[in-house]
Structures are given as C-alpha cells and as structure tokens.
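Dear colleague,

I am passing this structure on to you, together with some notes on what turned up in it. Please look through it first and then read on.

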Amino acid sequence: MTVSFHKYGDLFFPGTGDVKENGEREGKNYAINVPLKNGIDDASYTRLFKAIISKVVEFYQPGVIVLQCGADSLSGDRLGCFNLSIDGHAECVRFVKKFNLPLLVTGGGGYTKENVARCWTVETGVLLDTDLPNEIPENEYIKYFGPDYSLRIPNGLIENMNSKSYLTTIKMQVLENLRCIQHAPSVQMQEVPPDFYIPDFDGDENPDERINQHTQDKLIQRDDEYYEGDHDNDHHMDDV
C-alpha cells in the first residue's frame with residue numbers, strides 16, 4: 001500500500017494524485033492519495049497525517065513501513081508551496097516511529113539545500129531519540145546556514161488554502177476507501193524457488209524424461225533478460 005501527501009492542482013507537477021485515484025485492478029484501494037492545496041501549516045498537516053496514517057496501520061496492518069521524507073513541503077522551498085516548519089515535518093516521523101514497526105526512512109524532494117540538510121539532521125535525531133541543539137556547530141559548510149546559523153526554520157507565510165471543511169472531506173474520502181480493503185481478497189503467499197534452482201536427479205535416471213517441456217523452458221534464461229553496463233535496469237532507481 002502506498003500513501004502520499006502532496007500538493008495537487010493548479011497544473012502542479014506531475015498533475016496526478018487526486019483523492020479519487022486509488023489504484024487499479026488488483027491494486028484498487030491500495031494507493032491512497034491525500035491532495036493538498038497551497039499553504040498548509042503544521043497544525044493542519046500533522047492532524048491530517050496522524051488521522052490517516054493511524055487508520056492505514058489499523059486497516060492494512062503493515063509488516064514494515066518505508067517512510068520517504070520529502071523536504072519540499074518545508075516553508076521557503078524553492079519549488080514547494082507549503083508552510084511546514086522542520087519541527088512540524090519531524091513530528092510526522094516521530095509519530096510513525098511510535099508504531100514500533102520495522103521502519104526504513106529515506107530522503108526525497110527538497111530544493112532549498114540548506115533546509116534539506118537541516119530537516120534530515122533533525123529527523124535523524126528523532127529516529128535516534130536524540131535531541132539536537134538549535135545552534136549549528138562550526139563546520140566547513142557553516143556559511144550556508146547564516147545569518148542565524150540555527151537548525152530550525154520558522155513557519156511560512158503563504159495563505160493556507162486548505163479549509164477545515166476541505167480537509168475533512170479529504171479525510172472522509174480516504175477513510176471510505178480504506179474500508180473497502182477489509183473485504184479485498186488476500187494474496188496467498190508461497191515460497192518461490194530461486195531463479196537458479198535446478199532439481200536433483202538420481203544418477204541412473206534420464207532428466208529429460210523427468211521434466212516436461214514447459215518446465216524446461218522455465219529453466220532457460222532468455223537472451224534479453226539481463227543487460228550489462230548502461231542497459232542494466234537494476235542499476236537505475238528513481239524516487240517515486
């Protein structure tokens with residue numbers, strides 16, 4: 001299941017992510033989009049984030065969480081349009097951590113580099129249960145953090161276009177989508193042999209008589225299955 005909180009509308013890139021876009025076919029209701037308008041602040045964002053994520057964990061019961069901490073939602077971002085402070089952003093990380101599930105935290109967007117560094121530093125501290133002083137210590141990059149050389153940044157001043165009624169409507173639609181997964185068919189899991197698996201045979205048996213043609217075909221590596229160098233897709237991963 002994927003859950004995304006993001007700016008939506010006004011031709012904002014990539015132009016997808018409406019609350020009604022919730023997956024297709026077998027993935028129906030397993031893609032949750034939370035579209036937000038310009039100017040959302042700490043209080044509105046964290047309230048909505050906690051309400052939705054707690055319900056996702058309750059309904060879906062994940063075995064592991066991958067949390068992508070895109071910093072373009074911070075106030076002052078060159079491309080973003082939200083009003084989040086670093087403390088508000090980090091509160092979401094702290095909330096997810098409290099579920100005590102296996103948690104992988106990654107970076108994401110963010111186009112004011114000094115604030116990206118601030119944000120991920122604070123959130124690394126959250127993950128390690130370490131409170132960091134607000135004053136940034138002397139280092140070779142200190143010039144980027146002037147004039148106050150502090151770890152935190154204030155909230156932004158963009159007008160919050162996310163009314164209480166709008167956010168309530170979004171939350172109710174997401175929760176309605178979540179209820180649908182209670183009756184979704186579960187996927188039966190089974191152990192799959194590795195690709196290089198070849199069954200053992202007795203020395204005096206002819207293996208060609210033991211394996212039918214379909215099984216033999218499955219054991220053959222196609223010429224175009226793997227690539228070397230620049231054509232190896234396994235070496236190119238982009239953020240979603």
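Of the 240 residues in the protein chain, 31% are buried, where buried means under 20% relative accessible area, exposed over 50%, and partly exposed in between, with a 1.4 Å probe and protein chains only. Please keep in mind that this is a predicted model, in which local features need pLDDT of at least 70 and side-chain atom pairs count only at pLDDT 80 or more, while totals for chains, interfaces and linings use all residues. Residues are numbered from 1 along each chain as its sequence is written, and side-chain values use heavy atoms, with hydrogens and water left out.

Confidence comes next. The mean pLDDT (the predictor's confidence in each residue, from 0 to 100) of the protein chain is 79, and 71% of its residues reach 70 or more. Over residues 183–190 the pLDDT is below 50, and this stretch has one contact in the model beyond near neighbours in sequence, a contact being heavy atoms within 4.5 Å. Residues 224–240 also have pLDDT under 50, and the model gives them seven contacts beyond four places in sequence. Where pLDDT is low, the predicted coordinates should not be read in detail.

As for the fold, the protein chain has six helices and four strands, taken as DSSP runs numbered from the N terminus (helices H or I, at least four residues; strands E, at least two). Along the sequence they follow the pattern β-β-α-β-α-β-α-α-α-α. Of the contacts between residues at least 6 apart in sequence, 74% join residues at least 24 apart.

The structure holds six salt bridges, each a side-chain nitrogen of Lys or Arg within 4 Å of a carboxyl oxygen of Asp or Glu. One of them joins glutamate 91 and lysine 50, at 2.9 Å from N to O; this pair links distant parts of the chain, with glutamate 91 in helix H2 and lysine 50 in helix H1 (residues 42–60), 41 residues apart. Lysine 55 and glutamate 58 also form a salt bridge, at 3.3 Å from N to O, and they are separated by about one helical turn because they stand three residues apart in helix H1. In another, the closest N and O atoms of glutamate 176 and arginine 179 are 3.2 Å apart, and both residues lie in helix H4 (residues 164–179), three residues apart. Salt bridges that share partners join Lys50, Glu91 and Arg94 into one network.

Aspartate 77 is found in the loop between strand S3 (65–68) and helix H2 (86–97), and leaving aside neighbours within four places in sequence, its contacts include Gly110, Tyr111 and Thr112.

Finally, the count of disulfides comes to zero, a disulfide being a pair of cysteine sulfur atoms within 2.5 Å. The sulfur of cysteine 92 has its closest cysteine sulfur in cysteine 69, 8.7 Å away and too far for a bond. For cysteine 119 the closest cysteine sulfur is likewise in cysteine 69, at 6.8 Å, again too far for a bond, and cysteine 119 counts as buried at 0% relative accessibility.
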